[in-house]
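Please open the model in your viewer and keep the selection panel at hand.

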Amino acid sequence: MRLSVFFVATLWVASAHAQERPAFFDTPSELVPVGAMTPGETYPLLVVLPPTNGTSRRVFEDLRGQVPLDAYYVLLTPGQPQRSDYLPRFSRYVEWAQERINADVDAALASHAVDPEQIFLLGFSLGGDTSWALLLRNPERYRGALVMGSRSSARPRRRASETLRRRRARVFFTMGRSDDEVRQRGIARAHERATEASLEARLVEFSGGHQLPPADVLSGGLRFLLRP
């Protein structure tokens, strides 16, 4: 019995050790201005995170037409993540993502007309999980998140909840009714926890599986998130 436990523990340590920092985190995010900007004004920043086997650029192109803003900045975070990049320890992946994205947001704030009070996280699947986790880890930086088709496994801490509540942060969760049950339960729990923490949060389901929401849900979610 002891030998079996030791063997399993050894496998777990070896597996965790094999999870290396993805090389794509060495590449800075791409900052893209959208629309005509007026000198002297500041504009929101949308930080888009990639799903498994996908890119942030593809996610943004799919939702771009629903953004209810004439002018804004988009931060396209790097990489096309694989499961081995974020498993078995998702928290390690989040730490690497946080380091990369915080540096890129700092650079955007220093060199462009980004409104520091209007920085939002957007992501689908893995990107949604990462968005929710980064919001809770950096409540003083991000004003809200659009979390799509994600298990949303991170849990709010008291201090983070207080900061997000004080800043009137918003979170829009959305999930297909035919998506995986684990994701459905996870996003429902995250929404419940956000509501219990008195955050302004909504959960909207739609007809479909593990996919981006339809245009009307995206449009409603982005209006909820980005309204003045």
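## The whole chain

Begin with the cartoon of this predicted model, in which the secondary structure of the chain comes to eight helices and seven strands. The radius of gyration is 18 Å, close to the 17 Å that the globule rule gives for 228 residues, so the chain is as compact as a globular protein of that length. If you draw a box along the principal axes, the C-alpha atoms fill roughly 70 × 35 × 35 Å.

Next, colour the residues by relative accessible area: of the 228 residues, 50% count as buried.

## Select Leu218

Move to helix α8, which covers residues 215–226, and select Leu218 within that helix. Is Leu218 buried or exposed? Its relative accessible area is 5%, and Leu218 is therefore buried, as the value is under 20%. Leaving aside residues up to four places away in sequence, show the residues that Leu218 touches, which are Asp62, Leu63, Gln66, Leu146, Met148 and Pro213. For a sense of distance, draw a line from the C-alpha atom of Leu218 to that of Glu99, 119 residues apart along the chain, and the separation is 28 Å.

## Select Phe90

Now go to helix α4, where Phe90 is found. Phe90 has a relative accessibility of 18% and so counts as buried, the cut-off being under 20%. Which residues does Phe90 touch, not counting residues up to four places away in sequence? They are Leu126, Asp129, Thr130, Ala133 and Ser153. The C-alpha atoms of Phe90 and Ser153 are separated by 9.5 Å, although these residues are 63 residues apart along the chain.

## Select the cavity

Rolling a probe the size of a water molecule over the atoms shows where empty space is left. A search of the whole structure finds one cavity of 30 Å³ or more, and the largest cavity has a volume of about 50 Å³. To display its lining, select Phe24, Phe25, Leu49, Pro50, Thr77, Pro78, Tyr93, Ala97, Arg100, Ile101 and Thr130. Helix α4, spanning residues 90–111, gives the most to this lining, with four residues. Coloured by class, the lining of the largest cavity shows eight nonpolar, two polar and one charged residues.

Note on methods. Residues are numbered from 1 along each chain as its sequence is written. This is a predicted model: local features need pLDDT of at least 70, side-chain atom pairs count only at pLDDT 80 or more; totals for chains, interfaces and linings use all residues. Side-chain values use heavy atoms; hydrogens and water are left out. Helices (H or I, at least four residues) and strands (E, at least two) are DSSP runs, numbered from the N terminus. Buried means under 20% relative accessible area, exposed over 50%, partly exposed in between (1.4 Å probe, protein chains only). Contact means heavy atoms within 4.5 Å. On a 1 Å grid over the protein atoms alone, a cavity is a set of points where a 1.4 Å probe fits but cannot get out, and a pocket is an open set with protein on both sides within 12 Å along at least five of seven lines; lining residues have an atom within 4 Å of a point. Grid points are joined across faces, edges and corners, and a volume is the space filled by probe spheres set on the points. Ala, Val, Leu, Ile, Met, Phe, Trp, Tyr, Cys and Pro count as nonpolar, Asp, Glu, Lys and Arg as charged, and the others, Gly among them, as polar. The radius of gyration is taken over C-alpha atoms; the globule rule is 2.2 Å times the number of residues to the power 0.38.
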